[in-house]
Amino acid sequence: MTTGQHRAAQPETGQPEEEPLPTIAEQMADQLGGWRGLVESSIPVVVFVVANVIGELRPAVIASVAIALLIAGLRLAQRRPIRHAVNGLFGVGIGAAIAWRTGDERDFYLPGILYGIGYGIALLVSAVIRQPLVGWIWSVLVAKGRSEWRDDPKLVRTFTQLTVLWGVVWLAKVGVQAGLYLAHQDTALGVARLALGYPPYALLLLITVWTVRRVTREPQPTPLPGA
């Protein structure tokens, strides 16, 4: 093999370039399902709140489940991603089943409250044991399974702080809902479920994406000559 041939073959043996991270807007849209995903996931809860105010519990339960099924069916027929619709249908279905069985409208929101408490506690515990849950979620959803951040003390510290932030906010918002649940403020509980649903989640997601991208883009210190 000649020297020219050897040099021509060198680029083929190099490491492939690392794919750039999606933009902040792309990551936000993927996790929230876009504006359509936001609206569609909120409709069943809005239907339940309105139908329960103007009518009775069981018609409200039937209407909310029916609209959730309709949304999932439309997404499936249009061959669009149904992850957000299925998640919404699952949550609405469990709450509707409990409310139907107990006859208490506030029980429609009970699964979401219990899930929120468990999720908030899991976040804080993961930060305490130095296995920040936000970091592992980032690995799965953004970094395509890579977990090199575990070898970077700065990123471990960043993900730990973000995980604590998520846990505190999550427990705070679910605490408001739990207080309304215990006070039998059914209509206010429905409004709080909507107001404290996607808006805090979107804000936390924006903070997380911006913070991690800023930390990963910081220039590494240049080694001293002769070091």
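Q: What makes tyrosine 119 and tryptophan 170 an aromatic pair that is edge-to-face?
A: This predicted model holds 11 aromatic pairs. Rings of Phe, Tyr and Trp (its six-membered ring) pair if their centres lie within 6.5 Å, and planes under 30 degrees apart are stacked, over 60 edge-to-face, the rest tilted. Tyrosine 119 and tryptophan 170 are 5.0 Å apart centre to centre, with 80° between the planes, and form an edge-to-face pair. Tyrosine 119 lies in helix α6 and tryptophan 170 in helix α8 (residues 153–182), so the pair ties together parts 51 residues apart in sequence. The model is predicted: local features need pLDDT of at least 70, side-chain atom pairs pLDDT 80 or more, while totals for chains, interfaces and linings use all residues. Residues are numbered from 1 along each chain as its sequence is written, and side-chain values use heavy atoms, without hydrogens and water.

Q: Why is tryptophan 170 called buried?
A: Buried means under 20% relative accessible area, exposed over 50%, partly exposed in between (1.4 Å probe, protein chains only). Tryptophan 170 has 10% relative accessibility, so the residue counts as buried. Tyrosine 119, at 18%, is buried too.

Q: What makes tryptophan 170 and tyrosine 201 an edge-to-face pair?
A: Their ring centres lie 6.3 Å apart and the planes are at 80°, which is edge-to-face.

Q: How do you know that arginine 58 lies over the face of tryptophan 100?
A: A charge sits over a ring if NZ of Lys or CZ of Arg is within 6 Å of the ring centre and within 35 degrees of the ring normal. Arginine 58 is 4.4 Å from the ring centre of tryptophan 100 and lies over its face.

Note on methods: Helices (H or I, at least four residues) and strands (E, at least two) are DSSP runs, numbered from the N terminus.
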